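Subject: Structure handover

Hello,

Here is the structure for you to look over. My notes follow below it.

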Amino acid sequence: MILNQFLVLAAILFCIGVYGVLARRNGVLVLMSVELMLNAVNINFIAFSAYLRSVAGDVFALFVITIAAAEVGVGLAIVLLIYRNLRSPDLDRVEQLKG
Amino acid sequence: MVVQNIFFWVLAVAMVLAAIGVVRSPNIVHSALYLVVVMAGAAAQYILLAAEFVAWVQVIIYIGAVIILFLFGIMLTRAPMGGDTNLDNDQRWQAAVVSVFLAGVLGTLLIQEFGKKEIAISGAKGEQLLHIGKAANLADSIFTAYVVPFEVVSILLLAALVGAVVIARRD
């Protein structure tokens with residue numbers, strides 16, 4: 001297996017995640033796209049860990065998984081709060097800060 | 001080597017199609033289920049790279065916990081299930097241009113920099129690779145070299161979960 005096949009797969013998944021973050025309106029779907037991007041980063045970590053024969057990539061992939069879980073918890077709490085205040089989970093209706 | 005490559009390509013195609021499903025599906029529950037496919041595919045890629053412990057952590061935390069959280073989020077925000085309302089905003093074309101541009105830049109850079117570098121998996125090098133991904137080896141590393149980041153991450157997780165409860169509860 002060549003290293004690049006994993007890296008290019010991860011890059012494609014990351015770009016699909018970027019598209020999702022930019023194009024989705026619903027807050028839960030934006031969080032899902034962020035998860036896609038974090039998964040792509042994890043694939044990179046594991047691929048480099050196998051390529052460099054080092055355990056550091058595996059350890060940091062575990063850290064990323066943990067932080068992704070924390071991020072989903074806080075993110076969904078924020079989306080719930082937006083829903084409760086605006087009666088809608090759509091992020092483009094959050095515009096109180098607009099002058 | 002050929003077997004691993006066949007598995008890789010099957011998984012890669014499934015993952016990319018499911019990822020496009022996540023960002024394009026008109027039904028929000030289908031998006032969450034497509035995300036399961038992407039994450040299971042990523043776990044299978046970790047198995048291919050002999051990172052067995054990370055693969056099972058991925059299955060337990062992502063597919064087991066994070067997807068359930070997403071489904072709860074969908075339920076609690078009473079998201080439209082019918083697929084008739086518009087889940088996308090009106091910057092779809094700009095988003096597509098940005099992501100295709102980013103994919104071009106990243107792909108060019110990766111191919112220039114890493115070219116045809118191999119991950120050696122045959123013979124003694126394969127044995128070494130199998131040893132690296134083992135849970136015992138990972139635990140040794142986490143509790144010696146990376147013990148401070150590990151503790152910091154656990155405090156961060158605690159703080160984030162307390163914060164989530166504080167933000168989400170009704171007063």
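Helices (H or I, at least four residues) and strands (E, at least two) are DSSP runs, numbered from the N terminus. This is a predicted model: local features need pLDDT of at least 70, side-chain atom pairs count only at pLDDT 80 or more, and totals for chains, interfaces and linings use all residues. Residues are numbered from 1 along each chain as its sequence is written, while chains are lettered from A and ligands numbered from 1 in the order in which they are written.

Two loops to check

Ala50(B) lies in the loop between α2 and α3 of chain B. Its phi is near 65 degrees, a positive value in a residue other than glycine. Most residues other than glycine have a negative phi. Ala50(B) counts as buried, because it has 22 C-beta neighbours inside 10 Å. The cut-offs: buried means 20 or more other C-beta atoms within 10 Å, exposed means 12 or fewer, and partly exposed is in between, with C-beta atoms placed from the backbone.

Arg53(A) sits in the loop between α2 and α3 of chain A. Its phi is also positive, near 55 degrees. Arg53(A) has 14 other C-beta atoms within 10 Å, so it is partly exposed.

Helices

Arg53(A) follows α2(A). That helix covers residues 27-52. Its 26 residues should span 38 Å at 1.5 Å a residue, and its end C-alpha atoms are 38 Å apart, which agrees. The expected span is 1.5 Å times one less than the number of residues. Of the 26 residues of α2(A), 20 are buried.

In chain B, α1 (residues 2-24) has 23 residues. It reaches 33 Å from first C-alpha to last, close to the 33 Å expected. Its buried residues are Leu11(B), Met15(B), Ala18(B), Ala19(B), Val22(B) and Val23(B). What covers them includes α1 and α2 of chain A, together with α2 (28-48) of chain B.

Chain contact

Two residues are in contact if their C-beta atoms, placed from the backbone, lie within 7 Å. By that rule, the contact takes 61 residues from chain A and 77 residues from chain B. On the chain A side, α1 (3-23), α2 and α3 (56-86) each give two or more residues. α3(A) gives the most, with 21 residues. The chain A side divides into 45 nonpolar, 10 polar and 6 charged residues. Here Ala, Val, Leu, Ile, Met, Phe, Trp, Tyr, Cys and Pro count as nonpolar, Asp, Glu, Lys and Arg as charged, and the others, Gly among them, as polar.

Core and domains

A nonpolar core is a set of buried Ala, Val, Leu, Ile, Met, Phe, Trp, Tyr and Cys residues joined through C-beta atoms within 7 Å. The largest has 71 residues. Leu13(A), Ile46(A), Ala47(A) and Val38(B) have the most contacts inside it. α1(A) gives the most to this core, with 15 residues. Domain 1 (1-81) and domain 2 (134-171) of chain B both give residues to this core, so it lies between them. The domain bounds come from an automatic or database domain assignment. The centres of these two domains, taken over C-alpha atoms, are 23 Å apart.

What does Val38(B) touch, not counting residues up to four places away in sequence? It touches Leu36(A), Asn39(A), Met15(B), Ala18(B), Ala19(B) and Val22(B).

Best wishes
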